[in-house]
Amino acid sequence: MGRKGLGPAGMGAAAMGAAALPPRPAALLCVWLLLGSSWGPGPPGVGAVPRPTATYVLDAGSGLGRQFDGIGAVSGGGATSRLLVNYQEPYRSQILDYLFKPNFGASLHILKVEIGGDGQSTDGTEPSHMHYENDENYFRGYEWWLMKEAKKRNPQIKLIGLPWTFPAWIGKGENWPYDYPHVTAYYIISWILGAKQYHDLDIDYIGIWNERAFNSKYIKLLRYTLDKHGLQQVRIIASDRLWEPISFVLLLDSELHDVVDVIGAHYPGTKTVPNALLTQKKLWSSEDYSTFNDEVGAGCWARILNQNYVNGNMTSTIAWNLVASYYEDLPFGRCGLMTAQEPWSGHYKVEAPIWITAHTTQFTQPGWSYLQVDGHLEGGGSFVALTDGLGNLTIIIETMTHNHSQCIRPPLPHFNVSPQRATFYLRGSFYLVETLQVWYSRLDFESANSILFKQLQPLDVWRGSFSIDLDVDEVYTLTTLKTGRKCSCPEPPPPQPFPSNYKDDFNIRNPPFSEAPNFADQTGVFEYFINGSDPGDHVFTLRQVVVQRPITWVSDADQTISIIGNFHWVNLTVTCDIYIEKQDDGGVFIAGRVDNGGIYVRRTKGVFFWVYADGTYRVTGDLAGEEVLMKGLSGVRANAWHTLTLNIQGASASGLLNGYPLWENVTISKPSNGWAAIGTRSFEFAQFDNFHVEAS
């Protein structure tokens, strides 16, 4: 006898089991069974409201659709995983498990990382493996580590590299990476070879330049250079922007067509274009989502995971971003699949998008195929069906309503979704399927009592058919696979604000990462440094190392800056030892109440205490140094250590040099709160030591 119904009353999918059905004559029950088992509240009867019903046929025998390439997420673009690396165990491993471990949480198939280029790429800068032409270091940053952690959990995960910015030497003075394509190709190939040589990582796909112009000559040269270095297995994605003009150019240029493997579009709104289909290339949404990770974000993600294929023939969807592991008040705060922005407390949150991801990733694999079905539900919403070709079948259904599934971009045209009954007929080899495992989510936008990735009783399929009652804002996975799992890890520690008394002397000989914990570089790159020429207290320091403006992706500041702390700090004292390396016009600052970063770094305001190599100082209300609040002589010179102290209390600020007052009673009107920060006057070498911030 077929299993009917989905869960307890109030669940939106009715009760499970034959016992939940209202009493009815035996003859009527037999007729109903012959029509196929029903899921939901049962056929219209006493107390039931009739629902519109539609039928859908699933049959691999009529031909398969496109091959499924996987669901993934982006780390980078930029510095989105910055705080993750600073988590202590066991919390860091728990977060990684939720992201990458198969049949556990998100169980991602693809990890896409930024190839750091020293420039601002949304929420910070990521360091390049080659700051300078004669410099190579394949241990900078955290993307190497993250890729290894992903591979450790899922050896089959696919890896993608994509640059947002490039070090200045690539352009030889121009803000453009294509004037010397052989140089750019060499730089990218070095990253791929370094991944293998130093970390035993095989990169599967490489991109061109995130959301910026592509260059056909460069792409062809990149393919040639890959092959020359024995990297034939590395596939090329282009152009990580829009469907056009890349699709049109591929149709015109047969040589380019031969070397591009995937057309990757960003935020396509589930639609493709005719030229993209005519290329017969794989079509991916190579960056999507980018939405605050509450229930609406989960609704966005559920809708596009299905409809990118149903509407647009896209066989992979990649979320920006993997994990919101950056200060929340930077741009696009909490736009990750989960949130991990408090390494100092260990707190993290497994957000709803993780479990929406699991509805697809835990029951499919790259290499499966979509079935050739329309995929639109008549009452609104969508479904996809996939098979491994070995008899397994997975069906994912979503009924997200318009207002509960709007992504950050593009605008979403209005549509309607209503409660409905869907009857599925399994034909061909699927006719033999007798049982389907059931996983269910319902997003609750009123009381925040969402049901997320709950395993329900299996469904017995009766003579190749079953019916299911669908309410709005639900996701179902019906599958022959029995491997699904929802982790029940211990709760992480409760949230805590950034410590109000924080010190870092940078005294670490072999740091696990190149950057000091909790500092978030917004222009420039600040790295641990061993100052071999110092005989005393400043052997281990933090050094700003980018000395030329990189090839930018957005408008980086003209100054370098790294922020730290609590955006809501009002009263604070910042102390730091500083060492100017640039003679004559070098300079450094410490700051408080810093109110901006990321793509908006050029407009950053705050209280900035600057000292310069020419022996002067300034106090400014902005990073650009245009709003001068105080200036004078300090006696500071390059190549000597000095201690700066900035004290901000209410509407007044004062500054000390080497423990003695240098300026005081400067009136501060705005901003009213913000981070602490350190930085330099220009792209120049400078060192920092014994950083201390105390806030009240």
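1. A disulfide is here a pair of cysteine sulfur atoms within 2.5 Å. The model under review is predicted, and a search of the whole structure finds one such link. C300 and C407 form this disulfide, with their sulfur atoms 2.0 Å apart. The torsion about the S-S bond is 100°, and the link of C300 and C407 is right-handed.

2. The pair links distant parts of the chain, 107 residues apart. C300 belongs to helix α10, which spans residues 295–310. C407, by contrast, sits in the loop between β16 (393–398) and β17 (420–426). Both C300 and C407 are buried.

3. Two further cysteines deserve mention. C335 takes part in no disulfide; the nearest cysteine sulfur, that of C300, lies 9.7 Å away. Buried residues are those under 20% relative accessible area, and C335, at 3% relative accessibility, counts as buried. C487 also counts as buried, at 9% relative accessibility.

4. On secondary structure, the protein has eleven helices and 36 strands. Its radius of gyration is 28 Å, close to the 26 Å that the globule rule gives for 696 residues, so the protein is as compact as a globular protein of that length. The C-alpha atoms fill a box of roughly 100 × 55 × 40 Å along the principal axes.

5. How much of the protein counts as buried? Of its 696 residues, 61% fall in that class. Among contacts with a separation of 6 or more, 72% are between residues 24 or more positions apart.

6. Where does S290 lie? S290 is placed in the loop between β10 (282–289) and α10, the helix that also holds C300. With a relative accessible area of 2%, S290 is buried. Not counting residues up to four places away in sequence, S290 touches Y267, W320, F332, C335, I408 and R409.

Key. Residues numbered from 1 in each chain as written. Predicted model: local features only at pLDDT ≥ 70, side-chain atom pairs only at ≥ 80, totals over all residues. Heavy atoms only, no water. Helix = DSSP H or I, 4+ residues; strand = E, 2+ residues; numbered from the N terminus. Rg over C-alpha atoms; globule rule 2.2 N^0.38 Å. Buried < 20%, exposed > 50% of the residue type's maximum accessible area, 1.4 Å probe, protein only. Contact = heavy atoms within 4.5 Å.
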